[in-house]
Amino acid sequence: MNHAKPPPSRHVVDWDHPDLKPLLDRTAGWGLDHRGVFEPVPCELHVGWGAAVGRPASVMYEGDGVLVIAANFVIAPAENIRIDYLQAGRMRSRWGVVVEGRAGLRAEDAENGTRVYWVHMR
């Protein structure tokens, strides 16, 4: 088995080239927002291991070992949460830990106080 590094790329970018700067300046404020691709699923979040009462939120994306949640309340990083939601007509509960959160970037996010959280599943 060969574990040698591949040869370096022959394509070198001069990030200081004067023709590249205007293009980079135009893209400075861009961000990725995939919410239009996935249908949000209403859910109930239980923050902390002993939480008996959940709060409404939405599952915005479900991937391999990760959920993206939108909620209108603050959840601290490293907080343990339980997410209850319907999937294929059955109630599903998932447990995870919040790894990152931030204010939503859309105009309606600011109006509604929406925050977006990345949750690693246990």
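A residue is taken as buried when its relative accessible area is under 20%, and as exposed when that value is over 50%. In the predicted model described here, Asp84 has a relative accessibility of 11% and therefore counts as buried. This residue is found in strand S4. The side chain of Asp84 makes a polar contact of 3.0 Å with the side chain of His46. When neighbours within four places in sequence are left aside, the contacts of Asp84 are Cys43, Glu44, His46, Met91, Arg92 and Ser93.

The chain as a whole contains 2 helices and 6 strands. Along the sequence these elements follow the order α-β-β-β-β-β-α-β. Of the 122 residues, 29% count as buried. The accessible surface of the chain comes to about 9100 Å², of which carbon and sulfur atoms supply 56%. Among contacts between residues at least 6 apart in sequence, 46% join residues that are at least 24 apart.

Strand S4, which spans residues 80-87, pairs with strand S1, residues 41-47, in an antiparallel arrangement with 5 bridges. Within this pairing, Val47 stands opposite Ile81 of S4. Strand S4 is also joined to strand S5, residues 90-103, by 8 bridges, and these two strands likewise run antiparallel. Gln87 has Arg90 of S5 as its bridge partner. The contacts of Asp84 can be read against these pairings: Cys43, Glu44 and His46 are among the residues it touches, and strand S1 covers residues 41-47. Met91, Arg92 and Ser93 are also in contact with Asp84, and strand S5 covers residues 90-103.

The hairpin formed by S4 and S5 has 2 residues between the strands, and Ala88 in this hairpin takes a positive phi near 55 degrees. Ala88 is not a glycine, yet its phi is positive. The residue is placed in the loop between S4 and S5, and its relative accessibility of 80% means that it counts as exposed. A positive phi, of about 75 degrees, also occurs at Ala78, which again is not a glycine. Ala78 is located in the loop between strand S3, residues 66-71, and S4. With a relative accessibility of 59%, Ala78 counts as exposed.

Pro56 belongs to strand S2, which runs over residues 55-63. Its relative accessibility is 65%, so Pro56 counts as exposed. Apart from residues up to four places away in sequence, Pro56 touches Cys43 and Phe73. The C-alpha atoms of Pro56 and Asn72 are separated by 8.5 Å, the two residues being 16 apart along the chain.

A nonpolar patch on the surface is formed by Val13, Trp15 and Leu24, which together have about 310 Å² of accessible area. Trp15 is found in the segment before helix H1, residues 20-26. At 58% relative accessibility, Trp15 lies over the 50% cut-off and therefore counts as exposed.

Technical notes. Residues numbered from 1 in each chain as written. Predicted model: local features only at pLDDT ≥ 70, side-chain atom pairs only at ≥ 80, totals over all residues. Heavy atoms only, no water. Pairing = 2+ DSSP bridges. Helix = DSSP H or I, 4+ residues; strand = E, 2+ residues; numbered from the N terminus. Buried < 20%, exposed > 50% of the residue type's maximum accessible area, 1.4 Å probe, protein only. Polar contact = N/O pair within 3.5 Å; in protein donor to acceptor, adjacent residues only side chain to side chain. Contact = heavy atoms within 4.5 Å. Patch = residues over 30% accessible without salt bridge, like charges linked within 9 Å, V, L, I, M, F, W, Y side chains within 5 Å. Areas by Shrake-Rupley, 256 points an atom, 1.4 Å probe, with all protein chains shown as cover. Salt bridge = Lys/Arg side-chain N within 4 Å of Asp/Glu carboxyl O.
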